[in-house]
Amino acid sequence: MSISVIGANKRYGEFAALDDVSIDIPEGSLTSLLGPSGSGKSTLLRAIAGLDRLDSGTVKINGRDVSSASPQQRDIGFVFQHYAAFKHLTVRENIAFGLKIRKRPKDEIKKKVDELLDIVGLTVFQKRYPAQLSGGQRQRMALARALAVDPQVLLLDEPFGALDAKVREDLRKWLRKLHDEVNVTTVLVTHDQQEALDVSDRIAVLNKGRIEQVGAPDDLYDRP
Ligand code: ADP
Ligand code: ADP
């Protein structure tokens with residue numbers, strides 16, 4: 001599904017968190033929203049998710065205004081920095097959760113969860129509880145859980161932000177692999193330029209509530 005944001009404005013008092021932001025996010029792309037803290041990245045992501053109302057402007061997912069769709073119709077996978085897993089459920093049960101509440105057939109759930117466990121490399125840990133996982137493994141579980149229900153779009157808000165540098169680097173590779181296999185339109189919020197360069201097809205650079213540049217990594221940055 002493609003995402004299109006048209007003339008988005010959002011103020012908190014006098015402060016413009018989003019100042020006339022427009023961007024087209026192509027179907028199947030992995031687009032990063034890159035910028036310093038306070039530049040409006042999360043506000044834009046929440047607007048795309050339909051979680052926050054804009055003061056003006058619209059967000060469309062495949063041509064449909066998100067504000068006119070019910071939460072179920074929006075069908076969005078969301079992963080945050082501090083991911084809340086169900087601590088009394090195993091890794092497998094956490095990933096299966098969304099499919100169970102949608103009452104999908106058992107064999108379909110099994111197949112899907114096996115596939116995702118494999119993609120995120122957690123097959124051997126499927127019977128563990130979240131507390132028994134490393135931070136990186138927990139975020140991989142979060143990605144698998146968000147994808148289990150085949151969301152239209154996947155929105156990631158600094159999903160690796162709380163982890164140390166080595167693990168973050170590792171997770172970039174997982175995210176890239178996951179995206180190549182599942183190919184869902186993905187938007188990643190990050191303040192880490194290297195992360196954006198490593199994983200994205202496109203980068204939108206935000207500053208003070210405005211998009212300063214949008215393009216492929218190689219169009220924006222001169223890399224050795
Ligand atoms: P980023 O994700 O780039 O760090 P945010 O979108 O979270 O930026 O925030 C953009 C600006 O809007 C920040 O200056 C922040 O303080 C402000 N802001 C965000 N949410 C609120 C809120 N609920 N109330 C007041 N100010 C907010
Ligand atoms: P993170 O995602 O936080 O980097 P890793 O999964 O890379 O965590 O590693 C966490 C620990 O689990 C490491 O000690 C690693 O050696 C071990 N580990 C990772 N994958 C497997 C696996 N498939 N089988 C057994 N041990 C593993």
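Reply: Two strands pair if DSSP finds at least two bridges between them. In this predicted model, five bridges join strand S9 (residues 202-207) to S10, and the two run antiparallel.

Me: What makes S9 and S10 a pair, and which residue is the bridge partner of Val205 in S10?

Reply: The criterion is at least two bridges, and S9 and S10 are joined by five; they therefore count as paired. In S10, Val205 has Gln213 as its bridge partner.

Me: How do you know that S4 and S5 pair?

Reply: Strand S4 (residues 56-61) and S5 share two bridges in the antiparallel sense. Ile61 stands opposite Arg64 in S5.

Me: Which order do the strands of the four-stranded open sheet follow, and why is one side of S2 and of S5 left without a neighbour?

Reply: The order is S2-S1-S4-S5, and the pairing is antiparallel. Strand S2 (15-25) and strand S5 (64-65) stand at the edges with a single partner strand each, so one side of each has no neighbour in the sheet.

Me: What is the order of the six-stranded open sheet, and which are its edge strands?

Reply: That sheet is ordered S6-S7-S8-S3-S9-S10, with mixed pairing. Its edge strands are strand S6 (76-79) and strand S10 (210-215), each of which pairs on one side only. On average, neighbouring strands of this sheet are turned by 15° against each other, direction ignored.

Me: Why is H5 called roughly parallel to H6?

Reply: The axes of helix H5 (residues 135-148) and helix H6 (residues 165-182) come within 10 Å and cross at roughly 20°. Angles under 35 degrees count as roughly parallel, which makes H5 roughly parallel to H6. The crossing of H5 and H6 is right-handed.

Me: Which residues make the contact between H5 and H6, and of what classes are they?

Reply: H5 contributes Gly136, Gln139, Arg140, Leu143 and Leu147, while H6 contributes Val167, Leu171, Trp174, Leu175, Leu178 and Val182. By class, the contact of H5 with H6 has eight nonpolar, two polar and one charged residues.

Me: Where is the mean pLDDT lowest among the elements, and where is it highest?

Reply: Helix H2 (residues 71-74) has the lowest mean pLDDT, 70, and strand S3 (residues 30-34) the highest, 98. The mean over the protein chain is 92, and 98% of its residues reach 70 or more. The model scores ipTM 0.65 and pTM 0.85.

Note on methods:
Residues numbered from 1 in each chain as written. Chains lettered and ligands numbered in written order. Predicted model: local features only at pLDDT ≥ 70, side-chain atom pairs only at ≥ 80, totals over all residues. Heavy atoms only, no water. pLDDT = per-residue confidence, 0-100. Axes fitted to C-alpha atoms, helices over the stretch in contact; angles between N-to-C directions. Parallel < 35°, antiparallel > 145°, perpendicular 65-115°, else oblique. Left-handed = near helix turned anticlockwise from the far one by under 90°. Contact = heavy atoms within 4.5 Å. Nonpolar A, V, L, I, M, F, W, Y, C, P; charged D, E, K, R; others polar.
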